[in-house]
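Have the viewer open while you read.

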Amino acid sequence: MRVVRAVRSAVLLLLLLAGGTRADVRQVTILHLNDLHARLLPDDRGMGGFAHVATAVRREKQSAPDAVVLHAGDLVQGSPVSTIFKGTPVYEVAEGLGLDAHCLGNHEFDYGWAQIARFREASSAPILSANVRGEGGETLVSPAAVLRAGDLDIAVIGALTPRLSRLIKPEQAGPWRALPLVETLGPVVAEMHPKADMVVVLGHLFDDEDLLVLRELEDVDVVVSGHDHGGLDREVVLDGRIVVKLRPYGRELGRLDIWLDTDSGEIVRHEWERIPVRADRYPADAETAELVEAWESKVSERVDVDIARCARNLGRSETQALIERAIRETTGADLAYMNRGGVRDSLSRGTVTARHVWNILPFDNELVEATVRGEDLPSELRRERGVDPGRSYRFVTNDYVAGQWQGLGIDFRPTGSVLRDTFLDWVAARKELP
């Protein structure tokens, strides 16, 4: 089946290029983003920012009138506006991006699953997920939508990594679970395929899950994905079908041009481009910029405050180590641990503001402590930190990590301190980093 499909696509493309086919080949464009993480403003290098992304999308649509615009999850969580106002303003500002559909990301659950209903109210574009289900099989949001691009119907099916439970606190998901992809998406793909010219899975997935969907669900033509933050340098192609994924924070916009044989349903040609979104290249869209300013003005007095200077650029790992040092020195712990996934940004040389700390630690995680023997800590942590298995440690981490380690039998106790506030106060007191 797959070999036949690949050969047929190659033959169609050769005939198309030779001008000797009567096939009805139509061009359609998918403009896509992922993991915007509420970064409403450009970063320190002038990259991204919702108002500049809005201009980039509008310009690309001018040269691609038959286009759909998709966002592959984690629109929220990553900036003070999102944290303080629980994500809803980000969906309001995102209306200026011209999005046609979102999918759920794991961070859409960060303010509790009930908040997703407010996101849906704030968004004119549907939020999709076919495999987030309740105990009775009911879906939290719509599984799929059919979008119109020119005279083509594009079926878009939402998907979220089944590893969701490892990425959020248990109470944030409530009764909802992300079920296995192939078993759950398969029936939805079978239902949508006859209704559309092309089937797209819009997923917030790990790289191996992108490939699983493409390999096992042959009627899926394209996977537009997010989550890993590493993105792809080049698209992945399997039997003429395609996976694309970008780096985060709106620093780039993806453009996937597809030439589709509507008679056979085969993709006969495609081109993918990752477009850098630089503020100097894409001036701010005025309407979106006004809305960004309105929300940012509500937090600016609190976060746009100089608190220290950083002597050099610190990468994500060095920032992680700095946070652990701050925890140890503030709490008097023998050993501190900060999960790397909770460190959402790095520090650049120069002035450090409170906003930098909020961007690094957007979560409202609390510090917890325990008295623990080294042998009871995870083996990877013991190796990395040179932990003595026979020694007892006063150990401090955050409540997200404690939740993930429930099976270890460690008795964590709350300290009453918020991790971000602890690090913020420590940085401000030091004045100079690192």
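This is a predicted model: local features need pLDDT of at least 70, side-chain atom pairs count only at pLDDT 80 or more; totals for chains, interfaces and linings use all residues.

Two strands count as paired here if DSSP finds at least two bridges between them.

A second bridge into strand 10 links H204 with G226. To get from strand 9 to strand 10, the chain goes through helix 9 (residues 207–216), and this β-α-β crossover is right-handed.

| Partner of strand 9 | Residues | Bridges | Sense |
|---|---|---|---|
| strand 7 | 152–160 | seven bridges | parallel |
| strand 10 | 222–227 | six bridges | parallel |

How many residues of strand 9 (residues 198–205) are buried? Eight of its eight, with buried meaning under 20% relative accessible area. In a regular strand, side chains alternate between the two faces of the sheet. Strand 9 is covered on both: M198, V200, L202 and H204 are buried on one side, and V199, V201, G203 and L205 are buried on the other.

Six strands make it up, in the order 6-7-9-10-12-11, and it's an open sheet with mixed pairing. Strand 6 (144–149) and strand 11 (236–238) are the edges, each pairing on one side only. From one strand to the next, the twist averages 20 degrees.

What about the helices? Helix 9, the one in the crossover, packs on the sheet and touches strand 9, strand 10, strand 11 and strand 12 (241–245). The direction of helix 9 makes about 160 degrees with that of strand 12. Helix 8 (residues 181–192) lies across strand 6, strand 7 and strand 9, and runs at about 165 degrees to strand 7.

Finally, the whole chain. The secondary structure comes to 16 helices and 21 strands. The C-alpha atoms fill a box of roughly 75 × 45 × 35 Å along the principal axes. The radius of gyration is 23 Å, which agrees with the value near 22 Å that a compact globule of 434 residues would have. Buried residues make up 54% of the 434. Of the contacts with a separation of 6 or more, 74% come from residues 24 or more positions apart. The chain exposes about 18,200 Å², and carbon and sulfur atoms supply 47% of that area.

Note on methods. Residues are numbered from 1 along each chain as its sequence is written. Side-chain values use heavy atoms; hydrogens and water are left out. Buried means under 20% relative accessible area, exposed over 50%, partly exposed in between (1.4 Å probe, protein chains only). Helices (H or I, at least four residues) and strands (E, at least two) are DSSP runs, numbered from the N terminus. A crossover is right-handed if, with the strands pointing away from the viewer, the path from the first strand over the helix to the second runs clockwise. Axes are lines fitted to C-alpha atoms, for helices over the stretch in contact, and angles run from 0 to 180 degrees between N-to-C directions. Contact means heavy atoms within 4.5 Å. The radius of gyration is taken over C-alpha atoms; the globule rule is 2.2 Å times the number of residues to the power 0.38. Accessible areas come from the Shrake-Rupley method with a 1.4 Å probe; for residues, only the protein chains shown count as cover.
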